[in-house]
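This briefing is an introduction for a reader new to the structure shown below. Please keep the sequence and the model at hand while reading.

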Amino acid sequence: MTELELFSIREHPELADAAIEFFQRHWASPESMMVYEDCIRHAIGAEGPLPQWYVLMLNGRIVAGAGLIPNDFISRMDLGPWLAALYVEEECRGCALGRELIRHALEDAGRLGFDRLYLCSDHIGYYEKYGFAAIAEGYHPWGERSRIFCAPTRR
C-alpha cells in the first residue's frame, strides 16, 4: 500500500458521488439504492452531528467505508449511535482498514459526545478485537434478527 487517506464526506462533499456508488454497490438492493444516496447527500448539510460517512482512499480510489448513523434499521431505537455499512474491498482485506474505520468512528462518536457506539452484525470474533461486546439481539424491518454489539467510545 502506498497513499492511504481517510475522509469524512461532510468535510469533503466532492467525494459524495463516489461514496454513494461505493455504498450502493456493496450494500444496496435494487429497491434500496436511494437509501444511500439520500442519506449521504443529506448528511453533508445536516444540522446535527449525525449521520457521518467515512471513506478510506488508496491512491485516489475508495477501498473501504463506513457510516456513523442514528439507527441501523434495527428495533433497538433506544440505542445509538451506530457503526453501519462497514465494508473493505476484498483485495484490501487483511491490511487493517476495517480497524482504521472502527477506530475513527469510536473517536468521532466520543468527540461528538456519545459514550458508546453500537453495531449489529452476525460476525463472531471480528468486532470483539476492537472492544465491542455482544449485548443483545435486535430485529430488522425485513424480518431478520441480528446480534447487537457495544463498545465504549474514545474521548
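The model is predicted. Its largest pocket holds about 1100 Å³ of space, its aromatic pairs number 12, and its disulfides number 0.

**The largest pocket**

- The lining of the largest pocket is made up of 38 residues.
- Nearest the centre of this pocket lie Trp 27, Ala 84, Ala 85, Leu 86 and Cys 120.
- Strand S4 provides the largest share of the lining, with 6 residues.
- Sorted by class, the lining residues are 25 nonpolar, 8 polar and 5 charged.

**Aromatic residues**

- The count of aromatic pairs in the model is 12.
- One of these pairs joins Phe 23 and Trp 53, whose rings are edge-to-face, with 4.8 Å from centre to centre and 65 degrees between the planes.
- This pair links distant parts of the chain, since Phe 23 belongs to helix H1 (residues 16–27) and Trp 53 to strand S2 (residues 52–58), 30 residues apart.
- Both partners are buried: Phe 23 has a relative accessible area of 0%, and Trp 53 has one of 4%.
- Trp 53 also pairs edge-to-face with Tyr 36, at 6.2 Å centre to centre and with 75 degrees between the planes.
- One aromatic cluster is formed by Phe 22, Phe 23, Trp 27, Tyr 36, Trp 53 and Tyr 87.
- Tyr 87, a member of this cluster, has Arg 93 over the face of its ring, at 5.1 Å from the ring centre.

**Cysteines**

- The structure contains 0 disulfides.
- Cys 92 takes part in no disulfide, and the nearest cysteine sulfur, which belongs to Cys 95, is 6.2 Å away; a disulfide would need the two sulfur atoms within 2.5 Å.
- Cys 92 is buried, with a relative accessible area of 6%.
- Cys 150 is also in no disulfide, and its nearest cysteine sulfur, that of Cys 120, lies 13 Å away.
- Cys 150 counts as buried, at 13% relative accessibility.

Conventions. Residues numbered from 1 in each chain as written. Predicted model: local features only at pLDDT ≥ 70, side-chain atom pairs only at ≥ 80, totals over all residues. Heavy atoms only, no water. Buried < 20%, exposed > 50% of the residue type's maximum accessible area, 1.4 Å probe, protein only. 1 Å grid on protein atoms, 1.4 Å probe; cavity = no way out; pocket = protein on both sides within 12 Å on 5 of 7 lines; lining within 4 Å. Points joined across faces, edges and corners; volume = space filled by probe spheres on them. Helix = DSSP H or I, 4+ residues; strand = E, 2+ residues; numbered from the N terminus. Nonpolar A, V, L, I, M, F, W, Y, C, P; charged D, E, K, R; others polar. Phe/Tyr/Trp six-rings, centres within 6.5 Å; stacked < 30°, edge-to-face > 60°. Lys NZ or Arg CZ within 6 Å of the ring centre and 35° of its normal.
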